[in-house]
Amino acid sequence: MDDDQLSSNESRKRGSSALQLGPRKKAMKSDPLVSHGRHFGRTVFALCNYPSLLVNGILRLEQLEDASIEDFSAEERREHLVFTKLLDSYPGLLDRLREGSEEEVLHVGELIGKGASSARGEDTKSLKPVVIDWIVPAGDVVVPPLPRNSKITRGFNHPLTGRLLCPAELDWNDPETKQKLQSGEIAVSGDQWPLFLYANEAYDPDDPWNGLLRSRLLINAFRHVFTSPSSVEKEPKATRAGNARLHGMTAVTAPSVAYIATQVRFAICSSSVFSRTDTTTDSETFYHSLLDLLEDTDERREVQDLMVWWNRQIFPTSSAAKRSLTANSALSKIRQKRAALKDVNATTS
């Protein structure tokens with residue numbers, strides 16, 4: 001469905017998925033919901049049609065009075081989870097939606113969507129030049145050059161960005177593979193993850209989790225967006241609070257990692273406009289494929305380890321940066337015994 005062909009009335013139809021970008025809207029006067037949308041889009045769900053999300057969510061709440069969430073499709077369950085996260089993150093929002101007219105519900109969605117869209121656009125713009133500084137070794141001369149403010153020579157057009165974008169399962173050093181990627185004979189879909197997602201750009205086909213989403217490039221981009229551009233250098237010089245501090249963010253979220261990965265992937269590709277309908281970058285599929293993995297309950301242990309690692313990089317003093325105790329270890333048994341003694345003392349006192 002083309003974004004520009006959607007209307008507000010069409011976004012109210014329950015049949016359209018809210019977890020897709022909605023129609024572009026004209027700028028509106030600043031509202032707290034706009035600011036909230038900026039952070040929600042970065043940290044919970046980035047590519048979302050918010051008016052449709054709210055309308056569908058309210059309808060689903062009514063239906064859930066006589067049904068179970070398991071009666072809905074997987075897409076609807078995921079959409080409803082995003083909806084409930086939005087409600088939980090903004091006190092009073094549910095009452096406002098229930099008491100307001102349909103026009104008010106759509107207006108609220110447009111405000112939140114404006115915030116998410118503007119944040120995404122600002123991040124895309126700010127990462128475009130600096131990503132070159134991160135991938136070009138200091139003091140090195142790259143031939144051909146990679147201009148900071150032009151994307152024409154990026155993507156598979158350049159050996160440096162081409163290697164980073166090459167699907168991990170392919171060999172960029174193979175001349176035939178390189179030629180087919182450059183010519184488009186090999187079309188890369190969004191669920192073919194690029195090499196830059198891996199630490200040191202090293203992919204192990206026998207252990208694809210090894211190093212996944214732990215690259216220095218991702219860390220630099222995350223710090224640039226959430227803490228401050230100067231924090232990338234590990235010597236903060238910012239005179240104002242970063243986005244994380246402004247919104248009370250003290251822990252990295254899995255969707256925020258997927259968001260940054262999507263932004264970096266777009267920054268080093270040759271496409272000039274971020275669009276979910278761009279089949280060349282296939283950004284929406286890429287973002288959703290990462291979320292699918294990070295939200296998969298079967299991958300819970302690996303994801304928890306990944307989040308601990310990320311929080312050590314970004315928020316090292318937070319509780320989220322502390323690894324959970326290994327089951328059946330001596331320390332865990334000491335803690336369990338101490339907790340049991342406390343329970344006994346509490347019941348006898």
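Which residues does R96 touch, not counting residues up to four places away in sequence? I looked this up before anything else. R96 touches L33, E104 and V108, where contact means heavy atoms within 4.5 Å.

**Entry 1: ground rules**

I noted that this is a predicted model, in which local features need pLDDT of at least 70, side-chain atom pairs count only at pLDDT 80 or more, and totals for chains, interfaces and linings use all residues. Residues are numbered from 1 along each chain as its sequence is written, and side-chain values use heavy atoms, with hydrogens and water left out.

**Entry 2: R96 again**

I placed R96 in helix α5, residues 93-99. Helices (H or I, at least four residues) and strands (E, at least two) are DSSP runs, numbered from the N terminus. R96 has a relative accessible area of 30%, so R96 is partly exposed. For this term, buried means under 20% relative accessible area, exposed over 50%, and partly exposed in between, with a 1.4 Å probe and protein chains only. V108 is twelve residues from R96 along the chain, and I found their C-alpha atoms separated by 9.1 Å.

**Entry 3: the whole chain**

The protein chain has 14 helices and zero strands. Of its 349 residues, 47% count as buried. I also checked contacts with a separation of 6 or more: residues 24 or more positions apart account for 65% of them.

**Entry 4: the core**

Which residues touch the most other members of the largest nonpolar core? They are L97, F196, L197, L213, L218, I260 and W310, in a core of 87 residues. Such a core is a set of buried Ala, Val, Leu, Ile, Met, Phe, Trp, Tyr and Cys residues joined through side-chain atoms within 4.5 Å. Helix α6 (residues 102-135) gives the largest share of this core, eleven residues. In soluble globular proteins, nonpolar side chains tend to be buried together.

I followed W310 further. Leaving aside neighbours within four places in sequence, W310 is in contact with L213, L218, I219, F222, V252 and V257.

**Entry 5: α2 against α6**

I turned to the partners of α6. Helix α2 (residues 32-43) and α6 have axes that come within 7 Å and cross at roughly 55 degrees. Axes are lines fitted to C-alpha atoms, for helices over the stretch in contact, and angles run from 0 to 180 degrees between N-to-C directions. The angle makes α2 oblique to α6. Angles under 35 degrees count as roughly parallel, over 145 as roughly antiparallel, 65 to 115 as roughly perpendicular and the rest as oblique.

The crossing of α2 and α6 is right-handed. A crossing is right-handed if the near helix is turned clockwise from the far one by less than a right angle, and left-handed if anticlockwise. From α2, the contact uses L33, V34, G37, R38, G41 and R42. From α6, the residues include V108, L111, I112, K114 and G115. By class, the contact of α2 with α6 has seven nonpolar, four polar and five charged residues. Here Ala, Val, Leu, Ile, Met, Phe, Trp, Tyr, Cys and Pro count as nonpolar, Asp, Glu, Lys and Arg as charged, and the others, Gly among them, as polar.

**Entry 6: α6 against α11**

Helix α11 (residues 254-267) packs on α6 at an angle of about 55 degrees, with the axes 9 Å apart. That makes α6 oblique to α11. I listed A119, R120, D123, T124, L127 and V131 on the α6 side, meeting Y259, Q263, F266 and A267 in α11. The contact of α6 with α11 has six nonpolar, two polar and two charged residues.

**Entry 7: α6 against α9**

The axes of α6 and α9 come within 11 Å and cross at roughly 140 degrees. That makes α6 oblique to α9.

Where does P144 lie? I found P144 in the loop between α6 and α7 (159-165). The peptide bond from V143 to P144 is cis, with omega near -5 degrees.

I then looked up two positive phi values. N200 has phi near 60 degrees, positive in a residue other than glycine. N200 lies in the loop between α8 (175-183) and α9 (216-227), and at 71% relative accessibility N200 counts as exposed. D282 has phi near 50 degrees and is found in the loop between α11 and α12 (283-294). Is D282 buried or exposed? D282 is buried, because its relative accessible area is 16%.
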